[in-house]
Amino acid sequence: MQYKVIPVTPFQQNCTLFWCENTRAAAIIDPGGESQRLMTILEDLELKPQMILLTHGHLDHAGGAVELAERLGVPIQGPHKEDAFWLDNMDQQADMFGFGDGRKCTPDQWLEHGDQVSLGDEKLEVIHCPGHTPGHIIFFHRDSRVAQVGDVLFKGSIGRTDFPRGDHQALLRSIRERLWPLGDDVRFIPGHGPDSTFGEERQTNPFVADDL
């Protein structure tokens, strides 16, 4: 599995392209905006977009999903159905933050914990990690030991839980019970900022380090 991180929107959210090296089949994870730029990059890399994947329903991650799906003719999959209230209120999120097209997003398929998403010859595992939002999911490629974790975990920090239906204790459980068991060697791409590994965060992250 190959990937490319493309920060988008004023929040510099890490939209991520995952693709199968053999078939060039690609998934666009969390296209918060800048659809034309994303389409140009897909063309430059000679990728074949198959789907849009959403980790959760916040504007900076999902605000461009409907437009891009229509332009590419691909389905939207994810997040977990518990984030439906966020996607239903995309227009209010756009008004609040002052960017995005504000179009309600109804995925073609909600994703559940334990689902798998096929991408050419590769498979991404779906892991439900509530806390930042109740329906937040992450995508894990086991063979390459890479995960896209949205706003669950960051280098040196964790996701906010002060939004509607955020849950700090649930977020900590998600990290410790669903991310850490994947392995210290897993490199993760967060929703914002630089990547890291689970092992590094278990040693140094002031919110979820093992010695806390």
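Author: Pro107 touches Ile76, Gly78 and Leu87, not counting residues up to four places away in sequence; contact means heavy atoms within 4.5 Å. This is a predicted model in which local features need pLDDT of at least 70 and side-chain atom pairs count only at pLDDT 80 or more, while totals for chains, interfaces and linings use all residues. Residues are numbered from 1 along each chain as its sequence is written, and side-chain values use heavy atoms, with hydrogens and water left out.

Reader: Is Pro107 buried or exposed?

Author: Pro107 is buried, with a relative accessible area of 8%. Buried means under 20% relative accessible area, exposed over 50%, and partly exposed in between (1.4 Å probe, protein chains only).

Reader: And where is Pro107 found?

Author: Pro107 is found in the loop between α5 (90-97) and β6. Helices (H or I, at least four residues) and strands (E, at least two) are DSSP runs, numbered from the N terminus.

Reader: What separates the C-alpha atoms of Pro107 and Ile76?

Author: A separation of 4.9 Å, although the two residues are 31 apart along the chain. Ile76 lies in β5, opposite Ile52. The strands β4 and β5 pair in the parallel sense over two bridges; two strands pair if DSSP finds at least two bridges between them.

Reader: New topic: which strands form the open sheet of six?

Author: The order is β6-β7-β8-β9-β12-β13, with mixed pairing. Its edge strands, β6 (116-119) and β13 (196-197), each pair on one side only.

Reader: How does β12 run relative to β13?

Author: They run antiparallel, joined by two bridges, and Arg187 stands opposite Thr197 in β13.
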